[in-house]
Amino acid sequence: MTLKVALIGFGYWGPKLARNIQNSSHFEIDSIIDTSKKNLAKAQKSFPLANRLSNFKKLNLKKINLVVISSPTKTHYQMANYFLKHVNVLIEKPLALNLKHVSKLEKLSKKTNNKLFVDYPFIFSGSVQYIKNILEKKIYGKILEIESFREQAPIRKDADVIWDLGVHDISILRYILNQNPIKISSVKYNTARISKKDTAYINLEYRNNLKVFIKNSWISPLKIRLIKFKFEKAIILCDENEAIYKLKVFTKKNISSPNYKLELPEIDLSEPLSNLISYIAKSIKSNSNKIYKNNFNIDITKVLEKI
């Protein structure tokens, strides 16, 4: 059974979602909705068989299995609240800009039995899956420290850098640690003359004395997507900018030795968005949603609000 998709928004992220949806054997793009004539013209070139609309309320939901929302952040709650009453929804991160709205959407999803998915792409990457497995099996002993550097991205007008870049780090941490921090502190400021905070330094503390440091910034000459995991017996560098060797594992024969042994583990190099789309197809067909249960979206939003 091929599932029909309606895509709301064909600006920056929408085309990336559309490509992965169209490449999936499980889905077919039925309709693309955007208020911009320019974006609709662009959509026509890429997806000539899809219906094109400028008003999302004119969409015929009776034939749609999944609505994908890639609209401005400030519209996320309104859009999700409208569509979840009728159909399954995938929405670009963040789900909404406050806990009250996220909680309402979660309740609506349960009430209607329509699945709610959020595009946290990195939790579907092979590198993060590898790290999660390492943590669960305690292969390198206790996790001691995590440092993340996420820099350079388009400047947003409807959300600050925390809700744009920081949501990646918080979703990854919630996914691999299965818990929220017990202490949160941060410094946020502007390095450019814009209305939203463009840089943030974040310190988190988790149970068992795990310390986490995060730097997020839109303003950078280089695109950086680097996380360092320090274990008792190894240090793992995760660089999502690397094409092939995204993970580097450094181990020592003994603690006193200054020398490290480098290992390059094999991981799934599939595009994270492709893995996300496959997960959604499986979830809809099996009427399940394993990753997003147990207050996953609520926990992430709680941390974002406190930063």
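1. I172 sits in helix α6, and in this predicted model the residue counts as buried because its relative accessible area is 3%, which falls under the 20% limit used for that term. Leaving out residues up to four places away in sequence, I172 touches F122, I123, V128, R150 and I227.

2. A polar atom of the D158 side chain lies 2.7 Å from the backbone nitrogen of T73, while a polar contact of 3.5 Å joins the side chain of D158 to that of R156. When neighbours within four places in sequence are set aside, the residues in contact with D158 are P72, T73, K74, L97 and K196.

3. Helix α3 (residues 76-83) deserves a look down its axis, with H76, Y77, M79, A80 and F83 buried. Seen in that direction, the buried residues of α3 fall within an arc of 165°, and they therefore line one face of the helix. As a reminder, an α-helix has 3.6 residues a turn, so residues three or four places apart point the same way. The cover over the buried residues of α3 includes the strands β1 (3-8), β4 (66-69) and β5 (88-92), together with helix α4 (99-112).

4. N289 is found in the loop between α7 (272-286) and α8 (296-306), and this asparagine is buried, with a relative accessible area of 15%. Its side chain makes a polar contact of 2.7 Å with the side chain of Y279. Not counting residues up to four places away in sequence, N289 touches K115, L116, F117, Y279 and S283.

5. On the surface, I244, Y245, L262, L264 and L269 form a nonpolar patch, whose accessible area together is about 490 Å². Is L262, one of its members, buried or partly exposed? L262, which is found in strand β14 (residues 261-263), is partly exposed because its relative accessible area is 45%, a value that lies between the 20% limit for buried and the 50% limit for exposed.

Note on methods. Residues are numbered from 1 along each chain as its sequence is written. This is a predicted model: local features need pLDDT of at least 70, side-chain atom pairs count only at pLDDT 80 or more; totals for chains, interfaces and linings use all residues. Side-chain values use heavy atoms; hydrogens and water are left out. Patches are made of residues with over 30% relative accessible area and no salt bridge: like charges are joined within 9 Å, nonpolar side chains (Val, Leu, Ile, Met, Phe, Trp, Tyr) within 5 Å. Accessible areas come from the Shrake-Rupley method with a 1.4 Å probe; for residues, only the protein chains shown count as cover. A salt bridge is a side-chain nitrogen of Lys or Arg within 4 Å of a carboxyl oxygen of Asp or Glu. Helices (H or I, at least four residues) and strands (E, at least two) are DSSP runs, numbered from the N terminus. Buried means under 20% relative accessible area, exposed over 50%, partly exposed in between (1.4 Å probe, protein chains only). The arc is that of the directions from the helix axis to the C-beta atoms. Contact means heavy atoms within 4.5 Å. A polar contact is a pair of N or O atoms within 3.5 Å; within protein, one must be able to donate a hydrogen and the other to accept it, and residues adjacent in sequence count only if both atoms are side-chain atoms.
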